[in-house]
Amino acid sequence: MLIVERAQAPMRGGNTRHTRNIRCVHRRADEFTTGSYPFAELWRDLCGVGAGPGDRRLAELTVRESETVPAWMSAHGVRWQPPLAGTLHLGRTNRFFLGGGKALVNTYHRTAERMGIAVCYGTTVEDLVMAGDRCTGLLTADGVIRARAVVAASGGFEANIAWLRRYWGDAADNYLIRGPRDNDGRVLAALYAHGAARAGEERGFHAVAVDARSPRFDGGIATRLDSIPFGIVVNSAGRRFYDEGEEIWPKRYAIWGRNIAEQPGQIAYSIWDAKVARLFLPPLYPPAQAGSIGALAASLGLDERAVAETVTGFNAAIRPGGTFDPTRLDDCATAGIGPPKSHWAQPIDTPPYYGIAMRPGITFTYLGVAVTPQARVLHTDGRALRNVFAAGEIMSGNILSTGYLAGFGLTIGTVWGRIAGAAAARHARNG
Amino acid sequence: MRAMDELFNEAQRQLNICNSCRYCEGYCAVFPALERRTVLEADDITQLANLCHDCRACFHACMYAPPHEFAVDPPEILSRVRLAGYREYAHPPHPPAWLRGPARLRGRGALATAATGVAAALIVIIALTGGIGALWSHQGPYQVISYPALLVTVLLPTAWSVAVMLRAAARYWHDARGPRAGLPGWAALGKALAYAASLRYQRGRGECSYPGEDPSPARRRLHATVFYGFAACSAATVSAAFMQDIMGIPPPYPLLSVPVITGTAGGLAMIAGCAGLAVLKRHSDPAPAAADYGLLIGLGLLAFTGMLTLLLRATTAYGLVLVAHLATIVVCFAVLPYTRFVHAVYRFLAIVADNTERRRPG
């Protein structure tokens, strides 16, 4: 067995290096989760995301198999920790691994090394060498690696800006990509070229609001902004455009990536005041700061009058008498303003004022290959490729087509990694 | 001062990324302590630096570690902050002139020179008080050097070092807990002692990732070997004093006596532990910010010369070996506040401050 890894060792593991928890069915609370999370509830949560599961049979299989995943992970060396600060709402449904995704990847690699599994680092798979419906090897810059069975676990194409442009046009130039630059969908494109069937939406991606100053690639978790529900968000014209108080964490992350992607120039500005400045995770880079709304707007490059008008109108629309409570959907709301702010609405009136420009940060894309319940890649003619399997984001479009459920990406990756790995091993042994 | 500002700015930059990420929260006390602070002042960074036991678990878990452009490496930057703190809190800022050696040597071999000087001085004292022949005696230490002379020789540098370190400790506590901070409570002290004795924060909630990426108990165990070896040697000294002054039994003591058994076990443990830690340090990946073997060599020499006095106590070499051991003690104890030994002081206080802060945030 051989792992062909595009990255060098420190950057190995694709998007998994940015994960931190996994969402699995469990029957009772334990040291690391606060309560039970039965099959029916995870299934309901999954159906509530976007348009619901793409392929119900595969989605159900994923949820069912998730129950055995934590024990399998522990058996392969993974260690756990209580939910991280500020993630209490995930404490029942999601299980956090100690140290986050890179520690997880390191653990798996140590376990693989002990099992005698070799890794080819810095090796790009350019193409699959096919003989009819069989793959005989992988084409790399160093020649063909022969294989009796192949598992494609190479992720989506979110770092391939040219590919994103096909669906999003020039807007794609303003997207920041939260994972490694290597996630360019090369293997996915090769599979399509060999006739693999598609699963998932072309425009399906998971995106969050990130600091516009973040690196173009691989900014990960640290670049996301937590300030949105504590103030207002305006677009480049200085106008509000969406209810900032609609949802509590983490759903709002997913909503705001797409919201900003749909604004002119794919940019928006989060604005808050001194009252709330210490209530959320500190931003990665220092925010713009000014003694007046006009000066803040100017330092963000926005029209001073437009922003001042927006803030005045917003402040005037706040219904009196609410009790601000950031830990729940409180009763602080606006009235007679569009769009409304339905929770956590407080006047922005206490200097200094703060602001940060935000961009959509794409976490991953959903468009992938269709698979069978054994993780075999399906051909457009309806038959399965004999020895090509897929796991992780490259096939997540079978299960989720839009929207996101925190920690479920890794559930898909782990469940399908096991299914694909076992099926590929059986195939390689039995021919 | 500019260099210090750059150091703290860099630490602030990296820790701000940590505070936006928080994946390492489960490893040790550094990250929860960081999360309790929304603004990071220099004193905060120094406190975090001394809470860090350099287990490197966070470095290996960090997706922002080099070659990532964020270049986050908390153990590295915190170890540089720690070292800067050691220099800042020591007063007087430099060891006494006689330990610094001739200026033209620029500190190289200064301690060896000082030890030779101390040994020569001791020989002169011995010759003047008991006659030069006392050097060849093997009837116990006081045949070589008188009890009062020995006591003064050892206690002077010890008292000096303790005074310097107490003053540094007071300043550190003041900075870590604020000007109105009272003395630490007994509960916080006791808990900190237990944490320090078990090296709780070097485990990173599992084991230390040192010297390489794989979790390994090697460093924690070797550190415990040195620490408890040192404690056993101290016990040997105390028990010898007890036998001599309370029970009235003069040295030398038999092989199966408390001082000899604890001294032997402690000395061997220190030698083995120091050697092991030095080997680990040589192989550590990434290399420490400033590799410094001084303390390990010093402790190793203390134990080694101590063992020699035991092994050779029935020979005519005993007197000279005792002089060598005493000279090593004088120099090592006098220079203590300027070595990595002070990590024990600051790390302990950092844990006390952390325990206090956790009970009463802010």
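Reply: Let's start where the chains meet: 26 residues of chain A are in contact (C-beta atoms, placed from the backbone, within 7 Å) with 27 residues of chain B. This is a predicted model, where local features need pLDDT of at least 70 and side-chain atom pairs 80 or more, while totals for chains, interfaces and linings use all residues. Residues count from 1 along each chain as its sequence is written, and chains are lettered from A and ligands numbered from 1 in the order written.

On chain A's side of that meeting, helix α4 (residues 101-114) gives the largest share, five residues; helices (H or I, at least four residues) and strands (E, at least two) are DSSP runs, numbered from the N terminus. By class, chain A's side has 12 nonpolar (Ala, Val, Leu, Ile, Met, Phe, Trp, Tyr, Cys, Pro), seven polar (the others, Gly among them) and seven charged (Asp, Glu, Lys, Arg) residues.

Now for your strand: β14 of chain A, residues 268-273. β14(A) is mostly covered, with six of its six residues buried (20 or more other C-beta atoms within 10 Å of a residue's own). A268(A), S270(A) and W272(A) point one way from β14(A), while Y269(A), I271(A) and D273(A) point the other way. Whichever way they point, all of these residues are buried.

One is β13(A), residues 232-235, which pairs with β14(A) in the antiparallel sense over four bridges. Within that pairing, I232(A) has I271(A) as its bridge partner. Another is β16(A), residues 353-365, which is joined to β14(A) by six bridges and also runs antiparallel.

For some context, look elsewhere in chain A. Three strands there make an open sheet in the order β9-β19-β18, with mixed pairing. Its edge strands are β9(A) (150-152) and β18(A) (376-378), each pairing on one side only. β18(A) is joined by two bridges to β19(A), residues 384-390, and these two strands run antiparallel. To find that link, look for L378(A), whose bridge partner in β19(A) is A384(A).

Conventions. Buried ≥ 20, exposed ≤ 12 C-beta atoms within 10 Å, placed from the backbone. Pairing = 2+ DSSP bridges. Contact = placed C-beta atoms within 7 Å.
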